[in-house]
Amino acid sequence: MGKKRSILSGMLLVIMVCSYFNASITTYASTLPEDNSNALELIEITNEEIVPETIQEEHKANIIERTYNGENYTVTEGISAYSASDDSTSNTNPSYAYVVTNDTVTQGAIETDHEMRWYAFTLSEKSKVTILLQMVDTLDADLYLFAYNEETYELELIGGSAVEGAGTTEYFNSVMETGIYFFAVSGYEGTGAFAFAYYQSSTDVQNEINDTTSEATEITFNSDIVGVIDNPNDRDFYKFTVTKPTVVQYSIISSNGYSLLYAGGTYYGVYLISADNNTYKFMPGTYYFAAMSENGAYSASSTYTVNFRKVGEMSSDSSITLVGVCEPARIVYETNSSRTVNYINGNPIDISYSCYETYAFAEGFQSYDISIDANAGARVSFSQAYAPAAVYYNYSTRPAMNVSGRPALMLTYISEKPFYKIHCSTTGAFSENNFWDDLGVVTVLIDPETGKLIDITEFNFFYDFAVGSNRIDWSSGYKMIFYNN
């Protein structure tokens, strides 16, 4: 493929000689490719809407149902190296706070009413911090976070979790800047044991906090997103919005076996195209997904990669009966039952073409009148040899539209009535380029971004017949799968 070629296979060559400017004119009378719409192997698209699986969100973090009424503290020595295993030191004062590190569980107890137990940590880089506090049913404790002001030595309250009720879980998470931080488990009512888990991660802070649908990260199609599941309760939510029917393929790569699941949304229909690679037709709406662990695995350093690939938009034409999808080329092709109305990525396909040039030289005369009538009712061929195909267009010397190298849709149009005119008459030194015919078949390349004709591949007067160095270069290799809509 992609070289200056002979005449389109399947066309019948007929040569006749006639008088026109005292020169011979060559004519090609075409025979149509076999028009067999059943030659393509079709897969049925289900007409039943796929109801997205709704992910049950965990309870929300950082809920403050009662305000902090404790003392204002100063700590002149910053963090000291105390730990929970040091029985000689009580951490009821922030000056003796126990230091915690990532992925640790710490146990403690509130022994007297309104007692506070203090803990501290240092962040050397911007990080997401998560603290999950649980307690016995006889204790109602709250969680308060403080930033350490290294100039005034004061502890400045920045947040926490204070949910009313004994035995209620407190949950805090936030993206925090570098610095020294303290937090207190503060007894509000009752006494008893408690335990908390502390997690920190700096890998994907640009997307955090995105642990609920209301905090979901807006994705960019066709771009990888790298994240981590940094604690057992972590779920990273993502969303996208489409305003037209759109074919989207989504995926997740994870060494920990994480899943990427639907998480609801405001939508008007989701239809399965391919379950093997999570390819769906999404009607206009907003959609949510969650990257999550279904087996309890988590890691602050083991990343996952998610990708939402926009294969292409679709038309809203109710007459469409067949869809061709080529995911690597990002092409969605649609047609009606007669194959006379065609779309690519939601754009109407327009095969209009016109080339009219005349030149007069001392050596001879040249007149080129070449056109494709897009309104003549030609239909796309579904024969095995000329079925719609995704190819890669590299370049050509006489394109209908100048575009860079890119994937393109190759279509062969056929009709019992001629719709493709090639009237080229020359004299003198240019007489070898005489050509005169009206054809009922043409193969073209269509631009996925506009639906316009990039170039004519077969039969092209300039590449296949005329003397000179004009050429077109394209290559195949993509696979297109066809679906009954």
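This note comments on the confidence, the sheets and the aromatic contacts of the structure above.

1. Basis of the model. The model is predicted, so local features require a pLDDT of at least 70 and side-chain atom pairs a pLDDT of 80 or more, whereas totals for chains, interfaces and linings use all residues. Residues are numbered from 1 along each chain as its sequence is written, and side-chain values use heavy atoms, with hydrogens and water left out.

2. Confidence. The chain has a mean pLDDT of 87, and 87% of its residues reach 70 or more; pLDDT is the predictor's confidence in each residue, from 0 to 100. Residues 1-23 fall below 50, and this stretch has 60 contacts in the model beyond near neighbours in sequence. A contact here means heavy atoms within 4.5 Å.

3. The five-stranded sheet. An open sheet with mixed pairing has the strand order S4-S6-S11-S8-S9. Strands are DSSP runs (E, at least two residues), as are helices (H or I, at least four residues), and both are numbered from the N terminus; two strands pair if DSSP finds at least two bridges between them. The edges are S4 (98-99) and S9 (155-161), each of which pairs on one side only. S4 runs parallel to S6 (residues 116-123), to which two bridges join it, and Val 99 stands opposite Ala 120 in S6.

4. The four-stranded sheet. A second open sheet, S26-S27-S31-S32, has antiparallel pairing. S26 (353-361) and S32 (435-439) each have a single partner strand, so one side of each is left without a neighbour in the sheet. S31 (residues 420-426) pairs with S32 over five bridges in the antiparallel sense, and Cys 424 has Phe 435 in S32 as its bridge partner.

5. Which residues of strand S30 (residues 406-414) are buried? Nine of the nine are, so the strand is largely enclosed by the rest of the structure; buried means under 20% relative accessible area, exposed over 50% and partly exposed in between, with a 1.4 Å probe and protein chains only. S30 pairs in the antiparallel sense with S28 (residues 379-380) over two bridges, with S29 (residues 389-396) over five bridges and with S33 (residues 441-446) over six bridges. Ile 414 in S30 is the bridge partner of Arg 379 and also stands opposite Val 441 in S33. Tyr 393 stands opposite Arg 406 in S30.

6. Aromatic pairs. The whole structure contains 39 aromatic pairs. Rings of Phe, Tyr and Trp (its six-membered ring) pair if their centres lie within 6.5 Å; planes under 30 degrees apart count as stacked, over 60 as edge-to-face and the rest as tilted. Phe 361 and Phe 430 form a tilted pair, 5.9 Å centre to centre with 55 degrees between the planes. This pair links S26 to the loop between S31 and S32, 69 residues apart. Phe 361 is partly exposed, with a relative accessible area of 45%.

7. A buried pair. The rings of Phe 435 and Phe 459 are stacked, because their centres are 5.1 Å apart and their planes at 25 degrees. Phe 435 lies in S32 and Phe 459 in the loop between strand S34 (453-458) and helix H1 (461-464), so the pair ties together parts 24 residues apart in sequence. Phe 435 and Phe 459 are both buried.

8. Charges over rings. Arg 339 lies over the face of Phe 382, at 5.0 Å from the ring centre, and Arg 398 over that of Phe 462, at 3.7 Å. The criterion is NZ of Lys or CZ of Arg within 6 Å of the ring centre and within 35 degrees of the ring normal.
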